[in-house]
Amino acid sequence: MTLFSSLLSTFDGHVKFGRRVFLDLGVCSRKQNGLLDKPKKTQDNFPNKPSPKFPESSPVFYSPTLLPSSTMLLRLLFLLLVPRLASAWKKDEFRTCDQTPFCARARSHSPHSLPPLSLSSLSLSDGSLSARLKSASAPRDLALRLSAYSPGALRLEIDEEEEPGRPRRFRVPDVLIPGVEDGMKLYLSGFESDAKSGVSEFYLPDGFVAVVHHDPFQIQVIRASNREPVLSFNSHGLFDFEQPTSNKSDDTSFEERFRSHTDTRPRGPQSISFDLSFHNADFVYGIPEHASTSLSLRPTRGPGTDHSEPYRLFNLDVFEFLHDSPFGLYGSIPFMLSHGATGSSSGFFWLNSAEMQIDVLAPGWSESQNSKTINTHWMAEAGMVDAFFFVGPGTKDVISQYVSLTGTPAMPQQFSIGYHQCRWNYRDEEDVDQVDSGFDSHDIPYDVLWLDIEHTDGKRYFTWDKTLFPNPEEMQRKLGDKGRKMVTIVDPHVKRDDGFDLHKEATEKGYYVKDSSGKDFDGWCWPGSSSYPDMLNPEIRDWWSDKFSYENYKGSTPNLYIWNDMNEPSVFNGPELTMPRDAIHYQDIEHREVHNAYGYYFHMATSDGLLKRGNGKDRPFVLSRAFFAGSQRYGAVWTGDNTAEWDHLRASVPMVLTLGLTGMTFSGADVGGFFGNPEPELLVRWYQLGAFYPFFRGHAHLDTKRREPWLFGEKNTALIREAIHVRYSLLPYFYTLFKEASTSGVPVMRPLWLEFPEDEETFNNGEAFMVGPGLYVQGVYQAGEKSTSAYLPGKQSWYSWRNGAAYAGGKAHKLEVYEDSVPTFQKAGTIIPRKDRFRRSSAQMVNDPYTLVIALDSSNSAEGELYIDDGKSFDYQKGAFIHRKFIFSNNKLISTQNSGPTTSDGKDKFSSDCSVERIILLGLSNSSYKKAVIESENREVDVELGPISLRAGSSNVAVTIRKPDVRIVDDWTIRLV
């Protein structure tokens with residue numbers, strides 16, 4: 001053993017490194033342990049900013065078991081370790097499939113190598129098809145139930161029969177929306193069985209049939225019209241259901257070990273695995289979260305693939321994740337979609353919150369595989385089978401079917417879709433004020449300023465450092481005066497400090513997760529010794545939500561919103577930097593069963609807290625790092641701790657697109673990269689691309705140089721300003737798209753193939769994307785790039801937002817790359833609303849006039865929508881909104897009401913005095929028009945050539961109707977003459 005490895009061995013077990021790698025071993029507050037004075041803190045390269053007094057609570061933690069004699073040794077070790085840890089992902093911290101027994105066992109099975117299963121005792125019960133699933137090798141029969149749901153879903157449930165004294169399998173609660181059973185279930189009146197063939201069938205909605213093969217057991221979903229299969233379950237005989245036991249002999253051990261950690265596994269192996277086939281599919285997508293430059297899921301096993309890890313779903317605090325890996329990251333959504341050249345799609349969702357591993361199997365993996373079929377192998381450590389088959393047939397149909405069960409995305413507040421400025425950490429109130437003023441002095445709008453963990457009193461959440469942030473309410477008021485908000489961080493680890501009221505109350509009430517011995521679980525995170533509220537328990541979630549009241553969260557105001565980080569949960573000294581699997585939750589549920597949903601329940605409780613705080617009137621905004629199916633109902637997520645590298649910029653697009661496909665449309669990546677110091681060109685390109693993310697935030701690690709937008713020279717400041725201005729001009733369009741997402745689930749940021757489902761060139765394009773149906777964006781992913789190739793799909797033209805030039809659809813174009821923007825095109829046949837006057841924040845733009853950009857198709861037609869409400873309350877659910885439909889045809893632009901803003905007595909519930917100040921027409925075949933007439937007023941206005949945008953130096957290239965001054969709320973017609 002080398003000296004270095006010996007030191008590392010001594011270190012292991014005391015303190016682990018988390019995502020931020022900010023451990024100052026032995027360098028602690030004199031007040032805390034009497035050892036050393038606190039070190040000086042650097043100025044973080046902030047210009048003209050004096051060093052603040054270092055906070056009383058150290059931003060580091062230490063082990064109380066360390067003796068003074070070992071302190072200097074460990075400090076030396078820290079100095080040796082940090083350069084190594086800061087430069088690479090710590091692969092050895094995390095398990096591979098071979099090191100994960102349930103995964104290794106399941107992966108060892110070849111097709112049809114397991115004892116076959118058969119169905120018996122088929123009957124109707126409560127409107128579902130029930131049966132017993134038998135296997136000669138299994139100790140007990142399994143209970144199976146099949147149910148039909150509207151719209152277009154088949155539900156499969158497989159569980160053990162109840163037996164007194166034996167633990168029940170965990171069924172994940174509170175993920176499916178209330179009313180699924182009563183409001184969406186279609187009660188079966190019968191089914192057809194053929195005893196000779198051993199097959200039973202029943203109809204599903206929209207022309208699909210569920211086919212159940214009795215022996216050997218298999219389920220298919222087929223099209224009724226041609227009997228072609230859509231989805232198949234267990235067609236390769238890989239279904240395996242390990243049954244746990246509550247009794248074992250004294251010489252039997254189910255323990256599993258990884259590094260220095262032991263999982264006691266008191267209930268023994270209880271994994272589930274099966275094969276699932278997507279027919280008529282060219283690609284599969286989904287199952288976030290993984291980093292990849294590929295939009296589709298690459299094969300992980302089979303001919304032509306190197307030995308690879310399966311896609312892992314296990315929420316983890318992954319330090320500096322790799323940009324291209326099947327390894328699981330911070331969130332898990334076990335939902336997969338397929339798509340094929342016929343333009344049809346299907347989907348599969350397994351409601352299970354245990355660790356999951358999923359193989360995508362290459363063609364030729366099985367002798368019976370059809371060339372247009374993609375086979376997958378799903379493996380979970382525990383839980384039960386509670387799975388949904390979605391029949392589509394379109395991708396938007398599949399997404400709608402999924403969110404009809406797990407919930408549509410929450411409608412965000414207007415401010416939250418603006419730009420967010422974040423850093424670990426803005427040091428004090430003076431720092432906050434200087435950053436806020438910096439945006440104003442450089443004419444850059446923003447909406448939210450964020451505070452990370454250092455704003456608290458010693459990492460005690462719901463508190464403020466009284467030295468650095470003595471007047472938090474006044475600080476928030478100053479931001480609010482400009483229409484801006486603040487976000488503070490609240491993580492799930494609670495500092496174990498008897499003087500901390502939150503910890504004291506949680507301890508007295510027994511509200512913490514327990515370890516395997518029944519004691520409060522004690523793990524290490526930012527505060528040091530910490531415990532974690534048991535968020536599976538509804539009573540504890542309700543208790544937690546009460547902590548966000550103004551009375552409990554002293555110093556908070558209505559302008560303050562919340563950020564949930566580290567909620568995988570992250571435990572620095574835990575196995576794989578998380579909670580041990582044999583920890584115990586509410587109702588004796590092991591952590592292994594609920595792990596992937598812990599952050600979801602924490603997110604839920606926090607969102608409910610903000611909802612309570614505002615008496616149900618204020619839409620919450622909560623950003624979460626961990627997520628699960630259904631998280632879209634509670635707020636936004638981001639892709640986690642990325643790195644300032646071009647490859648991470650490239651990977652951000654497939655990652656955000658995948659989140660959108662699986663319900664999480666309100667997502668984005670940290671602009672500039674969380675780790676490292678981006679070169680100015682990378683930072684500018686990231687802002688230009690990030691301006692089109694649904695969630696747009698700049699964020700950086702404590703050890704990075706300051707990177708406010710004006711710190712990179714005047715030229716780069718202007719480029720970043722322009723990128724943020726683009727975002728703010730498009731806020732009306734984004735807000736309209738978020739409204740669509742909140743009703744249908746269709747994401748704001750979309751893969752090209754979602755809008756062009758039959759264009760095979762789009763199926764695996766992860767470098768370009770659509771924002772809604774109208775905008776195409778192509779990123780720039782290399783330093784010094786002078787040109788790029790962009791494939792513009794469809795049969796209609798596309799119009800450059802740089803100069804109005806028309807480009808043919810259905811072909812790739814070599815485009816010159818300019819430093820001031822990324823290639824952006826508007827699809828012919830669309831109308832996009834903008835606001836082109838720039839203020840300090842979105843709140844100050846509320847009364848500004850609109851610009852309508854009309855891109856005409858080959859028939860000189862176009863259409864679009866605009867949705868407006870008060871941007872903050874739930875009054876829109878009572879009809880208080882404006883939803884306009886714009887149609888251009890026959891040289892007329894018509895505005896009509898898309899859905900009503902008025903009550904039955906005709907009185908306005910919501911109104912607006914905003915008008916339209918410009919109408920830009922792209923592709924108008926006749927540019928000789930000089931006038932337009934507002935028909936209802938018989939009033940003429942000027943038509944002239946004008947710029948597409950108000951960017952400095954823009955040429956007058958587009959036919960523009962100037963100052964029509966028609967009210968956005970009214971019906972009107974404008975005719976070119």
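## Close-up views of a predicted model

**View 1. Gln 587 in a loop between two strands.** Gln 587 has its place in the loop between β29 (584-585) and β30 (589-590), where helices (H or I, at least four residues) and strands (E, at least two) are DSSP runs, numbered from the N terminus. The model is predicted, so local features need pLDDT of at least 70 and side-chain atom pairs count only at pLDDT 80 or more, while totals for chains, interfaces and linings use all residues. Residues are numbered from 1 along each chain as its sequence is written, and side-chain values use heavy atoms, with hydrogens and water left out. The phi angle of Gln 587 is near 60°, which is a positive value in a residue other than glycine. Gln 587 counts as exposed because its relative accessibility is 61%; exposed means over 50% relative accessible area, buried under 20%, and partly exposed in between (1.4 Å probe, protein chains only).

**View 2. Arg 227 and its positive phi.** Arg 227 lies in the loop between β9 (218-223) and β10 (229-233). Its phi is near 65°, a positive value in a residue other than glycine. Because its relative accessibility is 44%, Arg 227 counts as partly exposed.

**View 3. Two cis peptide bonds.** Ser 150 and Pro 151 are joined by a cis peptide bond with omega of about 5°, and Pro 151 is found in the loop between β3 (142-149) and β4 (153-160). Another cis peptide bond runs from Pro 288 to Glu 289, with omega near 20°, and Glu 289 belongs to the loop between β15 (283-286) and β16 (311-313).

**View 4. An open sheet of three strands.** The three strands follow the order β25-β27-β26, and their pairing is antiparallel; two strands pair if DSSP finds at least two bridges between them. At the edges are β25 (494-495) and β26 (523-525), each of which pairs on one side only. Three bridges join β26 to the antiparallel strand β27 (residues 528-531), and Gly 523 has Ser 530 in β27 as its bridge partner.

**View 5. Thr 665 and its contacts.** Thr 665 is found in the loop between α13 (646-661) and β33 (667-668), and Thr 665 counts as buried because its relative accessibility is 2%. When neighbours within four places in sequence are left aside, the residues in contact with Thr 665 are Pro 409, Leu 659, Gly 660, Pro 694, Phe 738, Ala 741, Pro 747, Val 748 and Met 749, where contact means heavy atoms within 4.5 Å.
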